[in-house]
Amino acid sequence: MIVVGGEALIDLVPAALPPGALLPRRGGGPYNTALALGRLGAEVAFCSRVSTDGFGESLLAGLRAAGVDLSLVQRGPEPTTLAVPSLAPDGSASYGFYVEGTADRLFTLPPALPDRARALALGTCSLVLEPGASAYEALLRRESRRGLLTLLDPNIRPALIADPAAYRTRFLERLLPHTRVLKLSEEDAAWLGGRVGDWLAAGPSAVVLTRGAAGLTAWTREGAEYSAAARPVAVVDTIGAGDTVNAALLHRLGAAAPGGPVDWQEVLAHAAHAAALTCTRAGAEPPYAAELSG
C-alpha cells in the first residue's frame with residue numbers, strides 16, 4: 001500500500017464562458033497524487049482531514065471512484081480550502097488560496113499506518129500550514145524510521161509561506177533527512193535556492209526534477225544521472241501534472257523489490273507519459289492505467 005498524506009481542496013478554475021466565471025474542480029497536490037495512483041491501479045490510501053461540507057463530500061467521492069482507501073481520513077466541520085489558479089498563455093498555473101480555519105490544516109498525527117504500507121508521499125500546502133504541518137512532519141519522521149519509501153514534493157506556493165528562510169531551513173534540516181525520493185519542479189528548485197548535491201547530501205537517495213517541456217531528470221546518491229524527454233501534446237493546462245509525476249514514480253518504485261536496482265530510465269519515461277496525458281485535460285484529471293499501455 002502507498003499512503004499519500006496532505007491536503008484535499010477545491011480549485012476554482014476559470015471557465016471559458018461566461019467571462020470571469022469559475023468552475024469548482026477537485027484538487028490539492030496530495031489529493032491529485034492519491035487519485036492518480038488509484039487510477040493507475042495501485043493500492044493507495046489517503047491520509048488527511050477533510051471537511052464534512054459539500055465540497056468535502058465531493059472530494060471523497062472522487063477518491064472512492066478511483067478505488068482509494070479512505071480509512072485514514074479524518075473529518076471535521078471546518079470549511080474546505082479553496083485555491084484560485086491563474087493560467088498563463090502556456091497553460092502553467094499560479095495560485096491564490098483561502099485557508100483560514102479550513103479542515104485540512106487541522107490534521108493530527110494518526111496511529112501507526114497499516115502494516116501493509118510500503119510508501120508514504122507528502123507535499124504542498126500540508127508542509128506549510130500549522131498545526132497540520134508539524135503533524136505531517138512527525139508522520140514523515142516516524143514512517144521513515146519504520147523503513148517506508150518516502151517521497152517529498154515541496155510544490156512551493158510562495159503566497160502561503162510567511163517566513164521563506166524558516167521554511168528553507170525546515171526543508172533542509174528536518175524534512176530531507178527523512179526523505180528517500182525528493183521530487184521538485186524547476187520553479188521549486190529556484191525558490192529553494194539549493195543544489196542537487198546539497199539535497200542528496202541531506203538524506204535522499206534520489207532527486208527528480210521536472211522541467212516542463214524539457215522533460216524530467218533524476219540524480220542518485222551514487223552519482224548517476226538519468227533523463228526522459230517530455231511527450232509532445234496539445235497542452236490545455238498543467239494543473240495536476242506534477243502530482244501525476246509523483247504517482248507514476250511511486251507506482252513504479254513501489255513495485256520494485258526493496259533495496260533492489262531501479263530502472264530510472266523506465267521510471268522517468270512512465271512518469272513523462274502520464275504527466276503528458278494530464279496536460280491534455282482541463283484541471284487535474286490524471287490518466288488511467290489502460291491509457292498508458294500504448
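Which residue in β10 is the bridge partner of Leu120? Keep that question in mind as you look around this predicted model; here are a few points to follow on the structure.

1. Let's start with the answer: the partner of Leu120 is Thr150, in β10. The bridge belongs to a parallel pairing of strand β9 (residues 119–123) with strand β10 (residues 149–153), and that pairing runs over 5 bridges.

2. Now step back to the sheet. β9 and β10 sit side by side in an open sheet of 8 strands, whose order is β4-β1-β9-β10-β11-β12-β13-β14. The pairing in this sheet is mixed. At the edges you will find β4 (44–47) and β14 (225–228), each of which pairs on one side only. From one strand to the next, the twist averages 15°.

3. Next, find the helix that meets the sheet. Helix α8 lies across β12 (206–210), β13 (216–220) and β14, and it runs at about 30° to β14.

4. Helix α8 (residues 264–279) also packs with helix α7 (residues 241–255), at an angle of about 145° and with the axes 8 Å apart. Their crossing is right-handed.

5. On α7 they include Ala241, Val245, Ala248 and Leu249, while α8 contributes, among others, Trp264, Val267, Leu268 and Ala271. What is the make-up of the contact of α7 with α8 in nonpolar, polar and charged residues? It has 12 nonpolar, 4 polar and 2 charged.

Definitions and conventions. Residues are numbered from 1 along each chain as its sequence is written. This is a predicted model: local features need pLDDT of at least 70, side-chain atom pairs count only at pLDDT 80 or more; totals for chains, interfaces and linings use all residues. Side-chain values use heavy atoms; hydrogens and water are left out. Axes are lines fitted to C-alpha atoms, for helices over the stretch in contact, and angles run from 0 to 180 degrees between N-to-C directions. Helices (H or I, at least four residues) and strands (E, at least two) are DSSP runs, numbered from the N terminus. A crossing is left-handed if the near helix is turned anticlockwise from the far one by less than a right angle, and right-handed if clockwise. Contact means heavy atoms within 4.5 Å. Ala, Val, Leu, Ile, Met, Phe, Trp, Tyr, Cys and Pro count as nonpolar, Asp, Glu, Lys and Arg as charged, and the others, Gly among them, as polar. Two strands pair if DSSP finds at least two bridges between them.
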